[in-house]
Amino acid sequence: MSWNCATRTVRRERGNVKRSITIRLVLMFALAALVTFSLIGAALYGVLVRELIRHQNDDLNLNLQNLRYSIEHVGIAERWTRVQAKMDTLTPSDGRLRFWVLSDDPRFQYGKGLDRIEGMSQEADGHGTILLPPNGQMLRTLSLRIEPYEDRPAVRLIVGVDVAPLEHTLHAFLTALVLLLLSAVLVVMLLGYWIAHLGLQPLKQLSKEAQGLRPQTLSQRLHTENLPVELSDLAVAFNGALGRLQAAYQQLEAFNADVAHELRTPLANLIGGTQVALSRQRTAPQFQEVLQSNLEELDRLRSIINDMLFLARADQGEAATGLTEACVAREVNKTIEFFEFVLDDKGITVAVQGELSAQAAINIPLFRRALSNLLQNAIEHSAAGACLVVEIRNQAEAVWIRVSNPGVRIAATHLPRLFDRFYRVDASRHDEGLHHGHGLGLAIVKAVASMHGGSVAAISVDGVTTIAFSVPSLEAAFEAVAHST
Amino acid sequence: MKLLIVEDELKTAEYLHKGLSEQGCAVDVANNGIDGQHLALEYDYDVIVLDAMLPGLDGFALLRALRGVKQTPVIMLTARDRIEDRVRGLHEGADDYLVKPFSFLELLARLQALQRRGRSQEPSQLKLANLRIDLLARKVWRGTTRIDLTAKEFSLLGVLARRQGEILSKTAIAELVWDMNFDSNTNIVEVAIKRLRTKIDTPYTPKLLHTIRGMGYVMELRDEDSPT
């Protein structure tokens with residue numbers, strides 16, 4: 001168990017390393033510093049090596065030229081001792097600088113371990129290296145042939161300089177360089193951590209603020225004023241999401257209250273009516289009366305529940321199925337026919353206008369349901385003798401069906417909310433006799449439109465109220481099918 | 001009509017049993033899928049009313065087992081109003097489906113429709129007391145008086161007269177006369193019935209078109225209305 005916990009902690013920490021922006025930034029800073037300093041270090045090292053070698057070569061050359069001058073005009077063995085003495089003086093006691101003179105004549109020779117010289121590497125310009133026993137001392141050499149003079153045959157003068165000091169310098173430099181580089185990277189990491197920490201401060205602030213959001217304080221928003229540009233976009237988008245969430249949440253709460261209210265009325269009637277009926281001795285016809293009244297209330301409940309289920313399915317994104325190509329005007333006329341008697345009774349006429357040949361891919365029962373809700377709504381809000389207009393318009397890949405009726409102007413604030421469930425323009429108005437729906441009629445129109453991929457609109461101008469919904473035109477529907485396959 | 005009801009909700013099973021028995025059906029009830037399957041396979045029923053959600057063996061499995069043996073008509077009852085459920089039921093071989101909460105009248109209408117299925121041609125003339133309807137010529141008489149009806153009034157009368165003694169809900173009437181397949185929440189049917197009644201029933205005796213409050217309308221000859 002404890003082992004499990006331990007591994008889980010380790011894994012989480014590793015996950016944090018991967019996810020922490022600060023740590024990632026610090027590591028990236030370190031990497032950048034390492035690469036930069038390494039390149040600089042390598043370049044410096046290269047320059048140093050070249051300079052040191054040049055310096056040594058100059059040294060060699062100087063000594064060589066100096067001795068060459070001394071040797072060139074020495075032609076007899078007696079004077080050679082002076083040359084030997086000069087070379088002895090020039091040779092330092094630590095053996096850093098060495099001289100050799102190779103000659104066929106033993107009298108004109110100089111230097112220890114002359115036999116070793118044969119192993120000397122030799123380049124075209126006279127430069128070379130030699131390894132000397134007993135401790136493998138490495139010398140850089142420069143050799144020069146000096147032409148014969150008087151008694152003296154041609155000799156080869158070799159100057160050697162120890163490379164150990166140079167190597168030592170380079171080694172020290174390299175060590176210092178690596179140490180400096182590592183400390184610089186470390187400093188950059190520390191600075192980077194500080195910078196990242198400072199740079200991410202607004203993010204931390206934002207996250208702290210976001211953590212402070214509670215369901216109870218839905219109106220709370222993130223402060224975007226002091227945020228850097230990069231974060232303010234995020235915060236604005238987040239606030240937008242919060243706004244939509246708040247609207248949906250409030251709508252849901254209001255909706256729940258409305259549902260409870262709508263269901264409460266028939267339930268109260270049922271309970272009250274039944275209790276009254278049972279509290280006295282009643283005759284069969286009286287009970288029959290109660291049962292009939294109950295049935296009416298129950299039917300109302302069933303109807304509300306069915307409509308709510310329908311709306312819930314539309315909300316969950318259920319699309320209309322069983323789409324058929326239909327002439328919109330024909331369906332409009334069939335639905336108007338359904339209202340024939342009611343229209344006749346109220347003396348209301350309906351004119352169908354617009355593009356009567358428009359075709360759409362629709363689920364016919366759903367379409368009729370939506371249109372009958374619109375007509376019902378228009379009839380309810382029209383006086384006797386009024387003239388309703390159903391206009392069919394084909395525009396921008398959609399067929400719009402607009403139902404207009406003369407009626408009192410509806411304030412602009414109410415218009416978009418007409419499609420909300422249980423929404424009433426005048427909250428106090430509730431004429432039961434006139435209204436046969438239960439406030440879900442236009443919500444169902446909207447649901448039907450959205451199930452077809454269409455939308456709804458409401459306009460109120462010059463004493464005419466127009467409520468419209470759209471379904472995709474035949475071409476648009478075909479295109480959608482072509483895209484999906 | 002011999003019916004089998006397979007339904008685990010006892011109250012539902014009880015009222016279905018009572019209501020259908022009173023309609024003159026012989027009704028058997030099973031409260032779980034296993035008993036239901038046994039009865040459905042053992043006996044021959046005219047129609048089986050089958051709940052989709054059952055303990056022991058669910059309705060779909062029962063239907064599958066049944067369809068392997070015989071073609072008894074089946075009406076499925078589903079609580080979930082989901083398209084998949086409906087499609088699944090019909091796909092497995094159900095003849096019809098009803099979504100709970102359904103009205104008893106609707107169930108009755110569906111049962112009668114299933115029973116009517118495959119019957120011989122409809123008569124061209126209908127008679128009820130002194131009401132005579134010529135369905136082909138689209139003419140109506142009450143006694144010797146010829147009554148003029150509009151096309152829709154005639155359709156409405158035809159729908160009611162063809163189903164004499166059967167209570168038709170407003171939704172059923174809207175569907176049969178206007179082909180509107182939804183709960184319309186309107187008073188359209190009431191207005192239409194009122195008109196029809198004024199033309200064919202109010203001025204005459206006996207009264208044939210009756211309102212059953214909370215349920216719908218029925219066309220039948222009732223004893224209390226018969227001339228004395």
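**View 1. A lysine over a tyrosine ring in chain B.** In this predicted model, K2(B) sits over the face of Y45(B), 4.7 Å from the ring centre.

**View 2. An aromatic pair between chains A and B.** Seven aromatic pairs are counted over all chains. One of them joins F341(A) and W178(B) edge-to-face, with 6.3 Å from centre to centre and 80° between the planes. The pair crosses between chains, as F341(A) belongs to helix 9 (residues 340-346) of chain A and W178(B) to helix 7 (residues 170-178) of chain B. Both F341(A) and W178(B) are buried. Together with F338(A) and F339(A), these two residues form one aromatic cluster.

**View 3. An aromatic pair within chain B.** Y15(B) and F104(B) pair edge-to-face, at 6.3 Å centre to centre and 65° between the planes. Y15(B) is in helix 1 (residues 10-22) and F104(B) in helix 5 (residues 104-116), so the pair links parts of chain B that are 89 residues apart. Y15(B) has 35% relative accessibility and therefore counts as partly exposed.

**View 4. The second largest pocket.** This pocket has a volume of about 410 Å³. Of its 19 lining residues, Q251(A), F255(A), F419(A), D420(A) and R421(A) lie nearest the centre. Helix 6 of chain A gives the most to the lining, with six residues. The lining has eleven nonpolar, two polar and six charged residues. Because domain 3 (229-314) and domain 4 (319-484) of chain A both contribute to the lining, the pocket lies between them.

How values were computed. Residues are numbered from 1 along each chain as its sequence is written. Chains are lettered from A and ligands numbered from 1 in the order in which they are written. This is a predicted model: local features need pLDDT of at least 70, side-chain atom pairs count only at pLDDT 80 or more; totals for chains, interfaces and linings use all residues. Side-chain values use heavy atoms; hydrogens and water are left out. On a 1 Å grid over the protein atoms alone, a cavity is a set of points where a 1.4 Å probe fits but cannot get out, and a pocket is an open set with protein on both sides within 12 Å along at least five of seven lines; lining residues have an atom within 4 Å of a point. Grid points are joined across faces, edges and corners, and a volume is the space filled by probe spheres set on the points. Helices (H or I, at least four residues) and strands (E, at least two) are DSSP runs, numbered from the N terminus. Ala, Val, Leu, Ile, Met, Phe, Trp, Tyr, Cys and Pro count as nonpolar, Asp, Glu, Lys and Arg as charged, and the others, Gly among them, as polar. Domain bounds come from an automatic or database domain assignment. Rings of Phe, Tyr and Trp (its six-membered ring) pair if their centres lie within 6.5 Å; planes under 30 degrees apart count as stacked, over 60 as edge-to-face and the rest as tilted. Buried means under 20% relative accessible area, exposed over 50%, partly exposed in between (1.4 Å probe, protein chains only). A charge sits over a ring if NZ of Lys or CZ of Arg is within 6 Å of the ring centre and within 35 degrees of the ring normal.
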